[in-house]
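Please follow the account below with the sequence and the model side by side.

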Amino acid sequence: MKFLRQLVKFPDSFRRHRLTLRRGRQSAKEIKNNRAHSWWGKEQPWFPGNTPPRLHNRVTPLVDGENYFSELQTALEQAKSYVFIIGWTFTPYIPLNRQNEPLLQHSRLLEILNEVSLRLPVRILIWSGASFLFQPNMRETSHLQKEVTRCTQGDLKLRLDKSLHFTHCHHQKAIVIDGQVAFIGGMDLTTFMGDRFDTNSHPLRAGINWHDVQLKLEGEVVADVENNFRQRWQAVVEKEDQNLPQRNPVFEPEWNIPTQIVRTIPKGVYQFAKLGEFGIYHSYMSLIAEAKHFIYFENQYFWSPHLLAALAKAMNKTHSNSFRIIVVIPASADDGKFDNDKHVQKLQKLDNGRGVISFYSLYTSGPNMGRNPFTYRDIYVHSKTTIIDDEWLMVGSANLNNRGMITDSEINALVHDQTLAKQLRIELWAEHLNITPEAVSNQEIGELIDREWSTQAATNLEIVKNKKQPLVSTIFPYQIGRMPGAWVLEEIEDLTLEH
């Protein structure tokens with residue numbers, strides 16, 4: 001209890017966030033009685049405050065940029081009615097296919113979108129950028145808007161969303177094509193701060209390696225992703241641009257994966273959600289509270305006090321079987337390692353050597369031209385993926401901080417399906433552990449966590465010290481400590497921004 005009291009002893013901004021969440025839940029309370037009459041009523045992670053979960057869906061996980069960009073390119077080129085894109089920022093000339101030099105030139109995003117716009121409307125909505133200090137800033141996004149307008153000949157319109165407090169951002173990442181297919185997850189269509197295109201093997205490359213996850217959605221839930229775009233677009237664009245085409249999703253009878261779109265919409269930003277909308281917060285708190293066997297996180301940031309308090313309670317509960325929490329975060333989160341370190345230390349202290357919770361990063365290796373035979377570099381973990389008990393999974397844009405749950409606009413997909421949750425866990429763990437999916441599937445989860453994860457991390461730590469051989473996998477123990485040259489900015493951010 002002492003730990004919990006210390007955990008919630010935060011400044012006024014934290015107390016203000018708690019009040020915001022309570023007010024935002026008022027709309028949910030008004031319709032909670034509907035739960036009893038709904039097929040999803042007894043499953044607490046579903047959020048009752050916006051669109052309900054949909055039954056008839058097909059969900060396809062796309063792990064890492066190569067798989068996502070390939071699917072996206074195909075879907076864009078096959079578009080028949082319209083394309084809606086919502087994002088944090090945008091790189092016009094990012095190539096979606098890197099197989100050879102001609103494709104590097106002819107699969108560039110703006111070129112594809114320009115061709116699509118010659119036959120149907122393309123609408124893009126991104127954040128307007130930061131006022132100062134951080135990037136992308138307003139000057140850069142304004143230049144981007146002019147460049148896109150100058151280089152397109154068809155019905156393509158890119159608009160900037162300026163409707164947020166200057167320290168916050170619009171962070172949603174979603175695409176809708178023809179009302180039939182949607183993509184949602186952590187990947188922006190950009191090379192800004194890192195090229196999102198990477199393969200599952202993450203070979204050492206000139207720029208930073210990048211791990212991320214996207215979902216391809218088909219079925220009823222696509223209409224909810226589209227409704228999110230429609231609400232935000234119509235809230236910020238001129239009246240003459242507000243009319244948008246619409247098609248209802250068509251689905252097959254065998255598509256039966258329950259899926260809900262949950263969002264963070266900050267309080268007081270949009271008329272369509274004056275009190276705000278905090279479905280992502282609700283789902284995280286419910287998922288953690290109901291977890292029985294394991295919790296698996298991949299996330300860029302790990303510093304929400306709400307999340308840490310929920311995890312602390314989960315760690316101290318009596319579980320019938322061994323209970324484990326695995327957290328995979330970047331070795332050096334952009335503008336956030338100092339905060340990640342603080343919260344990792346708090347939970348490690350609470351764990352007190354029990355082995356309930358463990359923290360990892362991802363690394364890759366390759367030949368070195370210098371004195372040592374090999375070199376090692378971290379893979380940037382940008383994924384926002386959660387898997388609970390091989391029952392639930394959630395993938396989206398929201399980081400595990402107050403920005404993701406309270407103050408930035410975010411969009412996640414919450415899925416309840418044992419087969420899909422297990423499939424995604426196996427795929428991710430096979431990639432990280434460098435073993436076959438069959439080997440992951442055939443081992444008991446607790447044994448994998450206690451042996452494979454910890455053993456491989458320890459082995460890789462020794463390999464990096466000696467620098468004489470490649471890593472056995474990408475698993476690496478998370479290292480606490482300030483990165484050279486970064487701590488001043490991290491301290492400033494901790495004092496001035498609401499995380």
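In strand 15, T385 and I387 point one way while T386 and I388 point the other way, and all are buried; buried means under 20% relative accessible area, exposed over 50% and partly exposed in between, with a 1.4 Å probe and protein chains only. This is a predicted model, in which local features need pLDDT of at least 70 and side-chain atom pairs count only at pLDDT 80 or more, whereas totals for chains, interfaces and linings use all residues. Residues are numbered from 1 along each chain as its sequence is written, and side-chain values use heavy atoms, with hydrogens and water left out. Helices (H or I, at least four residues) and strands (E, at least two) are DSSP runs, numbered from the N terminus.

Two strands pair if DSSP finds at least two bridges between them. Strand 11 (residues 294–298) pairs with strand 15 in the antiparallel sense over 4 bridges, and F297 has T386 of strand 15 as its bridge partner. Strand 15 also pairs with strand 16, in the antiparallel sense and over 4 bridges; here T385 stands opposite V395 of strand 16. Strands 15 and 16 form a hairpin with 3 residues between them.

The turn of this hairpin contains D389, whose phi is positive at about 60°. Most residues other than glycine have a negative phi. D389 lies in the loop between strand 15 (385–388) and strand 16 (392–396), and because its relative accessibility is 15%, D389 counts as buried. A positive phi, near 55°, is also found at N352, a residue other than glycine. N352 is in the loop between helix 11 (337–351) and strand 13 (357–367). Is N352 buried or exposed? Its relative accessibility is 65%, so N352 counts as exposed.

Next comes an open sheet, which 7 strands form in the order 1-8-6-5-2-3-4 with mixed pairing. Strand 1 (57–63) and strand 4 are the edge strands, each pairing on one side only. From one strand to the next, the twist averages 15°; such angles run from 0 to 180 degrees between N-to-C directions, and axes are lines fitted to C-alpha atoms, for helices over the stretch in contact. Within the sheet, strand 2 and strand 3 pair in the parallel sense over 5 bridges, with F84 opposite R123 of strand 3. Helix 13 (residues 418–433) packs on the sheet, touching strand 1 and strand 8 (213–219), and its direction makes about 5° with that of strand 1. Contact means heavy atoms within 4.5 Å.

Helix 6 (residues 109–117) is mostly covered, with 7 of its 9 residues buried. These are L109, L110, I112, L113, N114, V116 and S117. They pack against several elements, including strand 2 (83–87), strand 3 (122–127) and strand 4 (156–161), as well as helix 7 (138–151).

Two packed helices are described by the angle between their axes and the distance between the axes. The axes of helix 9 (residues 279–290) and helix 10 (residues 305–316) come within 9 Å and cross at roughly 15°. Helix 9 is therefore roughly parallel to helix 10, a term for angles under 35 degrees. The contact consists of Y281, M285 and I288 from helix 9 and H306, L307, A310, L311 and A314 from helix 10.

How values were computed: Angles under 35 degrees count as roughly parallel, over 145 as roughly antiparallel, 65 to 115 as roughly perpendicular and the rest as oblique.
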